[in-house]
Structure formats: structure tokens, C-alpha cells
Amino acid sequence: MPLRKPEAGSSSANAIELRGVGKTFGSGAAAFVALRDVSTTIEQNVFFTLLGPSGCGKTTLLRLIAGFEAATTGEILLHGKEIADLPPYRRPVNTVFQSYALFPHMTVAQNVAFGLQMLKQPKDEIARTVDEMLKLVQMEALKNRRTSELSGGQQQRVALARALAPKPRVLLLDEPLSALDLKLRKEMQVELKRLQTETGITFVFVTHDQEEALTMSDKVAVMNEGQILQIGTPREIYNHPANRFVADFIGDINFIKAEIVEVGKTRCTARFDGNQKLSFTPDAEVSKGQKVTLAVRPERIAVANGKNALSATLDNVVYHGTDTLYHFSLGDGTRMLARRQNSDGTIPEWQTGDPFGWAVSGNAVAIVADGPEQTA
Amino acid sequence: MTPARRRTFFNFWLIGPAALAIIIFMVIPLAMMAWISIQSRSYGGGVHWGELSAEAWLRFLFERNLDDSLSWSVTYTVIIIRSIWLSLITTVLSLLVGFPTAFFMATRDRKWRTLLVFMVTLPFWTNLLVRNYAWILILRDYGTANGLLMWLGITDQPLPLLHNQFAVAVGLTYSFLPFMVLPIYSSLEKLDLRLVEAGFDLYASRWQVLRNIIIPLAIPGIIAGSILVFIPALGSYVTPELLGGGKTLMIGNLIGHQFGAARNWPFGAALGLFLLALVLLAMTVYALRGRERGGKP
Ligand SMILES: Nc1ncnc2c1ncn2[C@@H]1O[C@H](COP(=O)(O)OP(=O)(O)O)[C@@H](O)[C@H]1O
Ligand SMILES: [Mg+2]
């Protein structure tokens, strides 16, 4: 029998625990390492997002958890229990597939009922749950339609209802919104977040869209090339990216090569671009003479004119409706970007080559490592 | 000529050759058969042209006594029913063997599949007669099958494997198996494996996935395969002739006999038309079912 209810005594707080999970496809010369040494804990009742570029191993990780693939190394614990021996149909997790994978020979209601029938639930209970689920995703009206007659957004809702119907304790979602157009995607993001909060089911959500990850998640794991590079809340990931890849992958960012020239109690000073100096509060241990890469988000750069302003040369100003983007270059050729909100309605006159004064507040600077070492 | 007229004119010439071929090779022969079937027979073979007679059609259900009165006879009804029965058995056997075979093929690596498809069609490269003679060698007393059974000590004397319905069913199944395997294979190969995974994800065991997802999605292939096996099995001639004894005549053999030894052309023609009607009936049922399926919301 599938273990669907938490047994007394096994109420571990972690929904999923990955311990040194690795996956290699093929063998010999054709061997391909899709995941290496992935370790993390996913607490119950959180919206956990796996974020990374296409091909980084997100789907593979979900498939290991769902049981469609066996891990080459490491172990996967579900509510504190090792599940390597359980076939997919015995695991109390359900998946919303990237392609939805709705059964084409069944109606919407039959699709949603499928899991419940396989669990041998009584007929009237199945009917009740199906109605409840279809209501939840607002698809009651299309109950008896064939799935091939549905739009992408509707199919997505049915896939969600089908996966939620058996009331799994963990729901795996593989880029469920990527096939939808922007407007629908935004709506569904809100919807999914609401569903997760209401049902209290642990969501493991896969996406390559950083904005989606930031807006929906309680926790984000940023992946690249089969590894988890950083795990944290959206704010942590955004404001304190652990390394260059994470910083670059999530939103726009400026990198400045610098050397620490002075270390104070809470603040330190870095020299960059020849002899410009920037004072900031470091988010990592620094020592004098250390070469570092500083990361600054474009929206944290202010246009400044005073004598303390840092200097640069303007390349281009691009009007974006709500924002204006200032592209500028440092003396050593480093290209930079600043974003200002158009709150006062004036758009500055400018010419390429104009001097550009800028400033950064001390807590807006992050120090990032260059390599993609794991810093979970 | 007006443009519309010109179009009809050209259309006529375009479909002309095809229409001519159909008329020469289908309509005329069928009309001849229908005509022959209502002529009176000539005992030396052939018919007395122009002497109309319902004798051939009456023969399906009646036989003529010496005093020229008709009495009810089941001789031919039995053969017709046996033909349908043996064809159904053949279809079921082909399905039982063919589905697992097709499933095995469709789940192999892509590079193996082409080879497997080739291997399934391999028997077609050999003459049908040769293949049936091969089955005689296998099934006869002291043949391969009996030899093996006795060597294993399962029996101590040969089982009657040849010259019965069993032999015919085996031979027909063997002959038409590829017609079952290939359509099923093609629908299974198209099957989206993610649907199978979705089934597993929703707590369906292997068996339940097969029953609730794979088989329903392979239905078009199963129906096509069944039709492709049933129809030629119904009209088969060589296999019952060689593997069946005198008691396992099928319609095909009966027709052959009417044009040969029995020299009853009208009855042969009537039987031929009857076989055609059976096939058309089977096809119509299939087509109607298909329409029902397609039109369902
Ligand atoms: N069955 C497989 N055999 C071989 N390589 C695979 C297989 N599945 C995935 N891969 C490879 O593993 C890598 C990660 O794939 P995947 O997990 O699908 O990435 P993502 O979902 O992050 O885009 C890809 O390079 C892919 O080609
Ligand atoms: Mg993927």
C-alpha cells in the first residue's frame, strides 16, 4: 500500500532529505553526470523551488524523487524514510508533468479520478473529491470534456487537479507554467501559491524563470550543471548571491573587480577602476589586500552629482516606461547598468560620452566568489 | 467551353484511367460472378448461358433429393460457420501472441526496432506453400513437435497434431501474425511514455497501467490488426487444404472445389460473392465503430 498518511512517531519535520544524491546516465565513455552530490533538506509545508538553466538537472532530480529513475549514489528520504526500494506507484508523491501528460482517452473528470481509483477509494468519495478538485482549479464546467479539447491553461489546471486529488504530501511540479502565455502565467503563479498555502502540501517546483522563483517560493535552490549552488530565501539569493553564477542568473547585476584596501569594524573600503574607492558593509570575511568581485544590483545604483560621486562615462540611456536604464562604463572599460524608476516624469537630456556620476549605499554591495563552488 | 465545363472535361480525363481500371478489374468481374451465380450449371463445367436458375443460392441451405424436392441441409452452413469460427480463433491467437510481441518491439532501443520489424516481416520472403509444408513437418506424427514431446517424456505416443482444426488455426495464426504485430507495434511506438509514467505516478501498478492506459491507447492498432488477420483468414485456401484434413474445409476450399472437381461454377460464384459480403460486413462494422469513436465528445 502507498504510504499516504504519516504514521505515528515518524512525524519528521522534513518532507524530503537528499543526501549526496548523484545521477550518471550511460556508462564508460558515454557516461554523463547529470547530478553530482546534491544534498538538501526540504521542510514540510514549504514552497521549494529548483531554479536553474535548461539542462542543469532539475527534471532529473524530480524524477529521482518521483521514482522514475534510480539515483546512482546517495539516498533520498521521504518523511524520514529511505525510499530507494519503493516503485513510483508506492511513493506518496504526485507529479505535475512538464507536458501535463493527461490521458487522451479519458475525460477531465476521469483523469482527475484516476489516482483515486488506483488507490481503490469508494466511488462516492472519488466523485466528491473529483468535484472538489475541479472546483479548486475552476474547471467544474468542463468536467466531461476530452482533454484534447482543452487549451493549454485548462490542461495545466487539470494536470494540477489530477496530481492534487490523491492528496499527496509532496507535489512535484516540473515547469508547469512554461507553456502558458505571460498573462496566464502570472495568474497561475498567484493561484499555485494560494493552493500551496491552502492545502499545506509541500511543493517542489521546477523553473528556469528566476522571476517566477523569486515571487512564489519560500526557499529557492539555484542549480547549475548538476549541482546546487545556493539555497536560501528569495531575498537571500537575490541580495547575497553566493557566487558569480547565482548573481548573474538571477536578475541583472554589475560585477566590479576590486581590491580591499582598508578593513574597519563593520565597514571596509575597496579600490577599483584605477583609484576609485567604495566603502561598504561586507557580507563575508575580508582581509586587506584581498582581490574580490563586488556585485551591485542596477536598482541600487543612484545617479549622483556631489563631490563624493563615483565617476564613469555614459554610453546609452534607454527609456522603459516605468524605469530608465543607464548604461555606463568605468575608466577600465567595465560596463555597468543602473536602473532608476521614472517617478518624477522627467527624462534627462544626454549624449554618449557625457560624464556620469553614481553612488552606491554601503549595504547594496555583495562580495561574490568567482567559481561555482557549492556554498549551501 | 465555359471554365466550369472545361474543369469537368479535364476532371473526366484525370479520373478516366482510374475509373477504367476499376471498371475492368472490379465491376465487370463482379458483375460476371453475379451473373454466373444465377445461371444453371453445366455438368461438364461452365454454365448454360442465359438459362436463369436460383439453384446455386438455394444450395446454401438446401439439398435437392432424387425426386427433385428440396430438403434442408446444414452441410454448407457448417463450413461457413467453421470458417468464421476458425478465423475468429486465428484472430484471437494472433492477438495473444502479437500484442506481447509488438509491446516487446516497441519498448526496445530505437536502433533495434528497425531490425525487429524486418524480422517480423521475414516469413513473407518465403513462399506460402513452403511455409505450410514446414508446419506439416513440425506437426505430423513423429515430426518435430511430437518428437520433442516424446523425447521429454510428456507423451509416449504421437499426439494428433496434424489434419485437424488445431493445425489449421496454428498455420493461419503463423501466416497472418505479422498483420497483427505491425499495426499494434505502430500504435504502441507512438504511445507517449510520459503517459505511462503519469500512470505509475498516480499509483497504478504495472498491470493497471497496461490495462487502463496502454491497451486503450493501442485500440486503433488492435482493431486494424484484427481486421487484417480476420479477413484473409476467412478466405484462406492453402492452409486448410494442407494442414486441415477432409473435415476442416473452409469457404476458400469449398470455392476451389466448385470450380475444380465439383464443376459447379454457379455455386462457386455464389460462394465467392457471399465471402465478399462477409468481408464487407466486417469492414462496415469497423468503419461505423471508428466513426462513433471519432465523433464522441
Ligand atoms: N535518460 C537520459 N539519458 C541520458 N541523458 C539524460 C537523460 N535524461 C536527462 N539527460 C541529460 O541530463 C541533463 C539534465 O537533464 P534535465 O534534468 O532534463 O535538465 P533540466 O530539466 O534542468 O532542463 C541533460 O543534459 C540531459 O541531456
Ligand atoms: Mg526539464
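1. The interface. In this predicted model, chain A and chain B touch each other through 29 residues of chain A and 18 residues of chain B. The area buried between chain A and chain B is about 2100 Å², and carbon and sulfur atoms give 64% of that area. On the side of chain A, the residues A:Tyr89, A:His105 and A:Met118 together supply 30% of what chain A buries against chain B, which is more than any other three residues supply.

2. Pairs across the interface. The rule for salt bridges finds one between chain A and chain B, and the residues to look for are B:Glu197 and A:Arg63, whose side chains meet with a distance of 2.7 Å from N to O. Side chains of opposite charge can pair when their charged atoms come close. Seven residue pairs are found in polar contact across the interface of chain A and chain B, counting pairs in which both residues are at pLDDT 80 or more.

3. Where the touching residues of chain A come from. The elements of chain A that each give two or more residues to the side touching chain B are helix 1 (58-66), strand 6 (93-96) and helix 2 (108-118). Sorted by class, the residues on this side of chain A are 18 nonpolar, five polar and six charged.

4. The surroundings of ligand 1. The residues around ligand 1 include A:Phe25, A:Phe32, A:Ala34 and A:Pro53, and also A:Lys58, A:Thr59 and A:Thr60. On its own ligand 1 has 560 Å² of accessible area, and the protein covers 60% of it.

5. The make-up of that shell. Strand 2 (32-43) and helix 1 of chain A are the elements that give two or more residues to the shell around ligand 1, and helix 1 gives the most, with three residues. By class, the shell holds five nonpolar, five polar and one charged residues.

6. Salt bridges in the whole model. Over all chains the count of salt bridges comes to 24. One of them joins the side chains of A:Asp131 and A:Lys143, at 2.9 Å from N to O. This pair links distant parts of the chain, since A:Asp131 belongs to helix 3 (residues 123-136) of chain A, while A:Lys143 sits twelve residues apart from it in the loop between helix 3 and helix 4 (152-164).

Note on methods:
Residues are numbered from 1 along each chain as its sequence is written. Chains are lettered from A and ligands numbered from 1 in the order in which they are written. This is a predicted model: local features need pLDDT of at least 70, side-chain atom pairs count only at pLDDT 80 or more; totals for chains, interfaces and linings use all residues. Side-chain values use heavy atoms; hydrogens and water are left out. Contact means heavy atoms within 4.5 Å. Buried area is the accessible area (1.4 Å probe) that two parts lose on being put together, summed over both. A salt bridge is a side-chain nitrogen of Lys or Arg within 4 Å of a carboxyl oxygen of Asp or Glu. A polar contact is a pair of N or O atoms within 3.5 Å; within protein, one must be able to donate a hydrogen and the other to accept it, and residues adjacent in sequence count only if both atoms are side-chain atoms. Helices (H or I, at least four residues) and strands (E, at least two) are DSSP runs, numbered from the N terminus. Ala, Val, Leu, Ile, Met, Phe, Trp, Tyr, Cys and Pro count as nonpolar, Asp, Glu, Lys and Arg as charged, and the others, Gly among them, as polar. A residue is near a molecule or strand if one of its heavy atoms lies within 4 Å of it. Accessible areas come from the Shrake-Rupley method with a 1.4 Å probe; for residues, only the protein chains shown count as cover.
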